[in-house]
Amino acid sequence: MIKRSTGLYEQFSRKGGDALRATHYCAGCGHGIILKLIGEAMADLGIQDDSVFVGPVGCATFCYYYFDCGHVSAPHGRASAVATGLSRVLPDNPIIAYQGDGDLGAIGFNNAFQAANRGDNFALFFVNNSIFAMTGGQMAPTTLEGQVTTTTPFGRDTVKAGYPLKVCEVFETLEAPVFIERVSVADTKRIMLAKKAIRKALQIQKEKKGFAFVEILSPCPNNMREEPVKAAELFTETMEKTYPLGNFRDRSEKPVPTPKGVPLKNEKELIGGGKETVATKNDPSFKERRFKFSGFGGQGILSLGLVVAEAAASDGKFVSWMPSYGPEQRGGSASCSVRVGGKEIGSPTIDDPDVLVAMNQPALERFASSVREGGTILYDSSIKTNIGFPAGVRAIPFPASSIAIENGVSKASNTAFLGAMTGLGLLPFGETNIKAALAESMSARPSLVEPNMRVFETAMKWITDNLRP
Ligand code: SF4
């Protein structure tokens, strides 16, 4: 009996009216066949409810209209990187990535290559039609020698454009992949072999045995300017000379490989040269705090963030520290984001800080509007600005640079801000932790500890004298 696989939706909602069952692919395109084979295999293996499919950019970008399973759309070339992430946060779910040869072979090759080299636990289907199809038939890394494309009108010249990229052969040099095979969907006999390889890759994923890679040669009649049957014949004739079909590796029957590795250093050896480290404590009731420190490179912005991060870590908090700076070592804009939480932190980026420290005018003007309601902006009082501050945000001009100069360490404005934040109670951990982290940050130049402590105390006192009742 011929019936629709339950791995695919009954109707494809992108196409309305009479075309509700039609895909967006051109007649004779291999993509439709491949998606059908994957949908059938998912359903037959009973994995579709748990599977997450990572869609690419390219002709298959709309594949979420067809599969009845979880879906994430990746940016161009990044399906393997997204699948790597998913395979780590969802270690028990089958993860399936799908990429074309422009997407994987050009833009995202390094992501796919590194995932294969790590043996990341997902199935990767690589559709090779030897061109960038959706964007108009430009040369891809997989384009054959002498092949005419819109960007190689006289044929691919290997002197200028290099040789066709043989991804299976490249991946075969790596230790980690469990399964590597190249198949084709150009005719019925080849489709049957492709079906077997696709099922095998998904079976490996069902058993979470590691990285499985299937390259599928798939004709693109549209860019070949041929009718479908002729295109498939021509495609087979030319492609398989460069890309021979066959299995390159199948280690699926062997025990799940465990990385051999080398003896690792213990935590004491790695962190702080023998210093005791504090274990993080899960505390879901702790409200996450977000800090943005900003100014010029050379003002100690990143160090300020590090001291706050170290102090938080020494108090058992979860913490992330993420710097951002221009190409200049000195004078360019610099900022860093610090999150402090009571549970594992999902992303280190911060769009809406609770606390903004701005050490110069451009930083103040750039980030002030991002501070969330109820938040605090601390900026150097030498900054002259006419900008309005967001409603519900406390903006405090603070004489950080004057305090640093008065104490004989003109470069310690960052320490003055640290003292101000401590005095205002903006740092959710003890003063002892903060001072210890500050001293530790200067362990390479101990002579700076004492003057910086003076700056810290002066800043705390300024807050008490001027802002506290
Ligand atoms: S352009 Fe080529 S690859 Fe894209 S849908 Fe049409 S036939 Fe398929």
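Colleague: Leaving aside its neighbours within four places in sequence, which residues is Asn223 in contact with?

Modeller: Asn223 is in contact with Ile131, Ala133, Gly136 and Gly137, where contact means heavy atoms within 4.5 Å. Please keep in mind that this is a predicted model, in which local features need pLDDT of at least 70 and side-chain atom pairs count only at pLDDT 80 or more, while totals for chains, interfaces and linings use all residues. Residues are numbered from 1 along each chain as its sequence is written, and side-chain values use heavy atoms, with hydrogens and water left out.

Colleague: Is Asn223 buried or exposed?

Modeller: Asn223 counts as buried because its relative accessibility is 19%; buried means under 20% relative accessible area, exposed means over 50%, and partly exposed lies in between, with a 1.4 Å probe and protein chains only. Its place is in helix H8, and helices here are DSSP runs of H or I with at least four residues, strands being runs of E with at least two, numbered from the N terminus.

Colleague: And which residues are around the ligand?

Modeller: They are Tyr25, Cys26, Cys29, His31, Cys59, Asn129, Ala133, Cys220, Pro221, Asn222 and Asn223, a residue being near a molecule if one of its heavy atoms lies within 4 Å of it. Helix H8, residues 221–224, gives the most to this shell, with 3 residues.

Colleague: How many nonpolar, polar and charged residues does that shell have?

Modeller: The shell has 7 nonpolar, 4 polar and no charged residues, if Ala, Val, Leu, Ile, Met, Phe, Trp, Tyr, Cys and Pro count as nonpolar, Asp, Glu, Lys and Arg as charged, and the others, Gly among them, as polar.

Colleague: Changing topic, what does strand S4 pair with in the parallel sense over 6 bridges?

Modeller: That partner is strand S8, residues 212–217, and two strands pair if DSSP finds at least two bridges between them. Within this pairing, Leu124 has Phe213 as its bridge partner, and Val127 has Ile216. Strand S3, residues 95–100, is also parallel to S4 and joined to it by 5 bridges, with Tyr98 standing opposite Phe125.

Colleague: Are the faces of S4 and S8 covered or uncovered?

Modeller: Both faces of S4 are covered, with Ala123, Phe125 and Val127 buried on one side and Leu124, Phe126 and Asn128 buried on the other. In S8 both faces are covered too, and the buried residues there include Glu215; because 6 of the 6 residues of S8 are buried, that strand is largely enclosed by the rest of the structure.

Colleague: Zooming out, how many helices and strands does the chain come to?

Modeller: The chain comes to 16 helices and 15 strands. Its radius of gyration is 29 Å, well over the 23 Å that the globule rule gives for 469 residues, so the chain is more spread out than a compact globule; the radius is taken over C-alpha atoms, and the rule is 2.2 Å times the number of residues to the power 0.38. The C-alpha trace spans about 85 × 50 × 50 Å along its principal axes.
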